[in-house]
Amino acid sequence: MTSELTASIDDGSLCFSYLDSGALPAAEDYVTLLCVHGNTFHKCECTYLFLLRYASSFSIAIFRKLLPLAKDYKLRVVAINRRSYPGSSSFIPGELDALESGDRALQSTFFRDRGLEIAKLIVWAVQALHIPPPTAKGGGICLMGWSVGNIFTSATLRFLATFPEDVKI
């Protein structure tokens, strides 16, 4: 069983739990797949905000079965737990209020901030996990969102041009 690890960004003020299938020592051209999980829908009528605040059962565990298969496909799988999921930093009071506000500017800022967090995680992963650079044969990193996780990966791409230079990926 693979244990959960922790990535720290923003000088340690934000932590993200993650699983890692590990580097492929015999290959320098493997692709690293950074996976962002979705949410669980239970047998109730739940709003997306409810799921962000309280759902935590659909996490990086969804990717656990991929880990032992990754090397056969020249992949490294790194699956991160989003904020407020086990092992990752919780949202602070008030952060999620933007989603209920009806104010599109506040909502946009909320998602920009989540995209920036993922961009910082990518920079962290490239440096700390020694991700091989992209070449014509492979290498590099690929960002993947599962289900609702795509909201966060899309926010990373959508707001990329607005991020500080040190996190532009």
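Start by selecting S17, which is buried at a relative accessible area of 2%, where buried means under 20% relative accessible area, exposed over 50% and partly exposed in between, computed with a 1.4 Å probe on protein chains only. This is a predicted model, in which local features need pLDDT of at least 70 and side-chain atom pairs count only at pLDDT 80 or more, while totals for chains, interfaces and linings use all residues. Residues are numbered from 1 along each chain as its sequence is written, and side-chain values use heavy atoms, with hydrogens and water left out.

S17 belongs to strand β2, residues 14–20; strands (E, at least two residues) and helices (H or I, at least four) are DSSP runs, numbered from the N terminus. If you set aside neighbours within four places in sequence, the contacts of S17, meaning heavy atoms within 4.5 Å, include E4, L5, I60, A79 and I80.

Next, show the sheet around β2: five strands form an open sheet with mixed pairing, in the order β1-β2-β4-β3-β5, and two strands count as paired if DSSP finds at least two bridges between them. Because β1 (5–9) and β5 (141–145) each have a single partner strand, they stand at the edges, and one side of each is left without a neighbour in the sheet. From one strand to the next, the twist averages 30 degrees. Within this sheet, select β2 together with β4 (residues 75–80), which pair in the antiparallel sense over three bridges, and pick out Y18, whose bridge partner in β4 is I80.

Helix α5 lies across β3 and β5 and runs at about 135 degrees to β5.

Apart from neighbours within four places in sequence, V167 is in contact with L116, A119, K120 and V123.

Finish with the cysteines. The structure holds zero disulfides, a disulfide being a pair of cysteine sulfur atoms within 2.5 Å. For C35, the nearest cysteine sulfur is that of C142, 8.6 Å away; C35 is buried, with a relative accessible area of 0%, whereas C15 counts as partly exposed at 21% relative accessibility.

Definitions and conventions
Axes fitted to C-alpha atoms, helices over the stretch in contact; angles between N-to-C directions.
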